[in-house]
Amino acid sequence: MGKKVKNKDLAARLGLSGTLVSLVLNNKADQHGIRKDTQERVLALARQMGYFDIQKDKTDLYPVEDKPGVLGMIVPSINDPFVYEITPYLQKAFASIGVGFSIITKDPDDQRYNRLVTAFKKFYSGLILVGDAADDYTIRTLKSAEYPFVLLEKSVKTVRLNTVCTDNGLGSRLITEHIEKLGYKNILIVTWSKTANRDIPLIEELRHALGNRSGINKPIIAEIENPVTGSEIDISQFEKFMRPPHSAEIIIVLHSDLVYKIMLALRKKKLRVPQDIALISMEEGIGFDLMFSPVTCLRKQLPAMALKIANMIWTEVKNSGKSKYKRQVNISPELIIRNSCGTM
């Protein structure tokens, strides 16, 4: 049997008091106003050092380690690149806690889905709502039932909830600074027409960041219709902005799946990236580094997001959805610079 891990060992490693560590391990941290990030540090190290395994050997299970059964994650679409990119990290995070993890796709039939919301409690100890899956009805129903849930890549201004999101404000500033450094003045922002309403906050962040630079003109917004037949988009929906009077020099694409369509359309028109038009994506997509012109993009910090959301929902479950403190965590993205923006 390995060396016993004691409260004082954890306290010494973390630079905290033994009393504080004891309060966290006995699930009394919220009562004493201990910060959530401090709680997470204590619990993460305790799991890492095998503290709870030792307690189980002694048949002395600490209240904070009383594990729930299965946690669910409701997603708007299983085809969302973000969902299948973050899922492996979530599985790893939940495995470290020792709980099951299941993904549920939001039923497009609103009435049928609404009936299911009240039944989730029978199957899941807590829920993660991703993006548009966190609609008003679902949030209101879960909150009124004091059901443990957190939001991922979704923020709500009308009520204070636990959320983990990419810091789009910082991402917009990173892209703006890079565009300014490259000397581009005429910017075209492109998104899907079907997501245009949902993208308004992100577009406003970009407009604000670009508008603060005196050398950059006001950006043009283009909404692309989803192709009715085949997989190709109509390039005329944005190509017209590449000619005078707009003369766009660089395209900022909001969604990774749209990047592939735009790159294909440009290539068929024999328009070169970045020689004829530069391109940057607000999301990273699979194979971006392998494309004919590797794509510059913002990379979400998926491991950090997964760990944060796992700890957050785990804390909510432990407090039966009645946690006193609700946190809004924004995680900084990283700008990955490749050839498509004209840097290399």
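This is a predicted model: local features need pLDDT of at least 70, side-chain atom pairs count only at pLDDT 80 or more; totals for chains, interfaces and linings use all residues.
Axes here are lines fitted to C-alpha atoms, for helices over the stretch in contact, and angles run from 0 to 180 degrees between N-to-C directions.

The axes of helix 1 and helix 3 cross at roughly 120° and come within 10 Å. Angles of 65 to 115 degrees count as roughly perpendicular; helix 1 and helix 3 are therefore oblique to each other. The crossing of helix 1 past helix 3 is right-handed. On the helix 1 side the contact is made by Leu-10, Arg-13 and Leu-14, and on the helix 3 side by Arg-41, Val-42, Leu-45 and Ala-46. The contact of helix 1 with helix 3 has five nonpolar and two charged residues, and no polar ones.

Helix 1 (residues 7-14) also packs against helix 2 (residues 18-25), with axes that come within 8 Å and cross at roughly 115°. Helix 1 and helix 2 are therefore roughly perpendicular to each other. Helix 1 passes helix 2 in a crossing that is right-handed. By class, the contact of helix 1 with helix 2 has four nonpolar and three polar residues, with no charged residues.

The remaining pairing to describe is that of helix 2 with helix 3 (residues 36-48), whose axes lie 10 Å apart at an angle of about 80°. That angle makes helix 2 roughly perpendicular to helix 3. Leu-20, Val-21, Val-24 and Leu-25 of helix 2 make the contact with Thr-38, Gln-39, Val-42, Leu-43 and Ala-46 of helix 3. The contact of helix 2 with helix 3 divides into seven nonpolar and two polar residues, with no charged residues.

**Backbone features**

Most residues other than glycine have a negative phi, and most peptide bonds are trans. The table lists exceptions to both patterns.

| Site | Feature | Value |
|---|---|---|
| Pro-244 to Pro-245 | cis peptide bond | omega near 10° |
| Val-273 to Pro-274 | cis peptide bond | omega near 10° |
| Glu-153 | positive phi, not glycine | phi near 55° |
| Lys-270 | positive phi, not glycine | phi about 60° |

Pro-245 lies in the loop between helix 11 (236-239) and strand 8 (250-253). Glu-153 is in the loop between strand 4 (149-152) and strand 5 (163-166). The loop between helix 12 (256-268) and strand 9 (278-281) holds Pro-274, and Lys-270 is also placed in the loop between helix 12 and strand 9.

**The second largest pocket**

The second largest pocket has a volume of about 240 Å³. Its lining consists of 15 residues, and those nearest its centre are Met-263, Arg-267, Leu-271, Val-273 and Phe-292. By class, the lining of the second largest pocket has nine nonpolar, three polar and three charged residues.

Terms used:
Residues are numbered from 1 along each chain as its sequence is written. Side-chain values use heavy atoms; hydrogens and water are left out. Helices (H or I, at least four residues) and strands (E, at least two) are DSSP runs, numbered from the N terminus. Angles under 35 degrees count as roughly parallel, over 145 as roughly antiparallel, 65 to 115 as roughly perpendicular and the rest as oblique. A crossing is left-handed if the near helix is turned anticlockwise from the far one by less than a right angle, and right-handed if clockwise. Ala, Val, Leu, Ile, Met, Phe, Trp, Tyr, Cys and Pro count as nonpolar, Asp, Glu, Lys and Arg as charged, and the others, Gly among them, as polar. On a 1 Å grid over the protein atoms alone, a cavity is a set of points where a 1.4 Å probe fits but cannot get out, and a pocket is an open set with protein on both sides within 12 Å along at least five of seven lines; lining residues have an atom within 4 Å of a point. Grid points are joined across faces, edges and corners, and a volume is the space filled by probe spheres set on the points. Contact means heavy atoms within 4.5 Å.
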